[in-house]
Each structure stands twice: as structure tokens, then as C-alpha cells.
Amino acid sequence: MNRRSDQTITWDKKCTGCGCRFTDSMTSLMGSFPCPVRLFKVPTGLCPECQKENKDRWEKLRLACHLNWNFETVREHFLEHPPVKGQEMIVYDSSWNANTYALVTVEVPEHTRQKRIVIASYSNGYNGQSFYRTGQNCYAPKGQVRLLPYHQEIGARIKSNDGHEISLQLREIAEIFGLKCESTPNITHKIP
Ligand SMILES: [Zn+2]
């Protein structure tokens, strides 16, 4: 075996987020660096603290897109509050690079032994109308369509749009959930 040993290089930079000076480092993996050295050795970057802050902000924003639900909390919610026929819920669809929200109603609250929730009135062409208790779509469980409990603000916006689904910008979602958004998209190092 003739493998090159990995190395770490460092470079002093100024943070574009908070303005501090910091020493950036980059380690090679099996002889190759994650980014070209000439692009690493630049005067500015994002310090570890600002990177973490950005990452946290993204996580919060991602959760907010799902109206602050995840599969597990949705499952717990439906366990505690079993859905009933005619109940209003929200379908979130992140396909086509958009955040689309639709107002749906429960058609069958407990379909089969799996207690699937069958909804009326939403289909983007590929997803089924049947959801697991986690809100995952039965035909595309890893897909970008999920069922979420009703949300006052989102529901109101759809209703004032004649009941038609709405598409929200990340900025608008951040606003609804009181999150900061201005510098959010800048996760990685700026490459001049
Ligand atoms: Zn910083």
C-alpha cells in the first residue's frame, strides 16, 4: 500500500459573519482536499461559531417549513388526538423547489390496521392520498409530501386564497415563526 498520508493546512482569515480573525483549517482525506487549496487560501471565510450559528438557523428554518413538526411528533400528536372524518389538515409539498401548503380534509381517519389517514383534495400527480400516522405519504414515504396537523396561520392564508394551495418563500416562513433569515443562505465559505 502506498497511500499518501493526510495533512491539515491552516490559513488566517477574517470572518465575513462577525468580523473576527480566525485560523481556518482544512484536512485532506486519502490525499485530496475537500476544496482546491487555492480556493481555501483566501483572506475571508466564516468562523466556526458563525458556521454553527448558520447551521442552527437552517435547522430551525427547515423545521419551520414543516410547521415545527417531525415524523415522530406528528405520530405522537395523532396518538393523543386521533383524527376524525372531515378534520382539516395541511399537506406540505417541497417538490419543484417550492414550499407548497394545501388545505385538506380527512376522508378516512383509520384506514386498515395501520390506521392510515386518507385525505381528500390534494394530489400533485405522483403522491397518493394515503398517509401513515407519522404524516409520511404511503406511496412515497421518503418523498417531499407530508401530512401535518392544522396550522392556524397557514390555514388562514390558504382560506383567504379561496382555498387554493399557497407557496411560501423561506423569508415568509421565517417571518411566521419569528426566525431571523437575512444572512441564512450563506452556510459555506465565500469564494471570491
Ligand atoms: Zn464569525
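Residues are numbered from 1 along each chain as its sequence is written. Because the model is predicted, local features need pLDDT of at least 70 and side-chain atom pairs count only at pLDDT 80 or more, whereas totals for chains, interfaces and linings use all residues.

Helices (H or I, at least four residues) and strands (E, at least two) are DSSP runs, numbered from the N terminus. Two strands are taken to pair if DSSP finds at least two bridges between them. Strands of a sheet pair through backbone hydrogen bonds, either parallel or antiparallel.

An open sheet is formed by 3 strands in the order E2-E1-E3, with mixed pairing. E2 and E3 stand at the edges and have a single partner strand each, so one side of each lacks a neighbour in the sheet. Strand E1 (residues 8-15) and strand E2 (residues 21-27) run antiparallel and are joined by 7 bridges. Within this pair, Lys13 lies opposite Phe22 of E2. The two strands E1 and E2 make a hairpin with 5 residues between them, and Gly19 in the turn has a positive phi of about 85°. On the E3 side, E1 pairs with strand E3 (residues 44-45) in the parallel sense over 2 bridges. Here Lys14 stands opposite Thr44, and Cys15 has Gly45 as its bridge partner.

Helix H2 covers residues 48-65. The expected span of a helix is 1.5 Å times one less than its number of residues. For the 18 residues of H2 this gives 26 Å, which agrees with the 26 Å between its end C-alpha atoms. H2 is followed by Leu67, whose phi is positive, near 55°.

A nonpolar core is a set of buried Ala, Val, Leu, Ile, Met, Phe, Trp, Tyr and Cys residues joined through C-beta atoms within 7 Å. A residue is buried if 20 or more other C-beta atoms lie within 10 Å of its own, exposed if 12 or fewer, and partly exposed in between, with C-beta atoms placed from the backbone. The largest such core has 20 residues, and Ile90, Val91, Leu147 and Leu148 have the most contacts inside it. At least two core residues come from each of helix H3 (71-80), strands E4 (88-93), E5 (99-111), E6 (116-120) and E8 (145-149), and helix H4 (152-159).

Val104 belongs to strand E5 and is buried, with 23 other C-beta atoms within 10 Å. Val104 and Glu88 are separated by 16 residues in sequence, while their C-alpha atoms are 5.7 Å apart.
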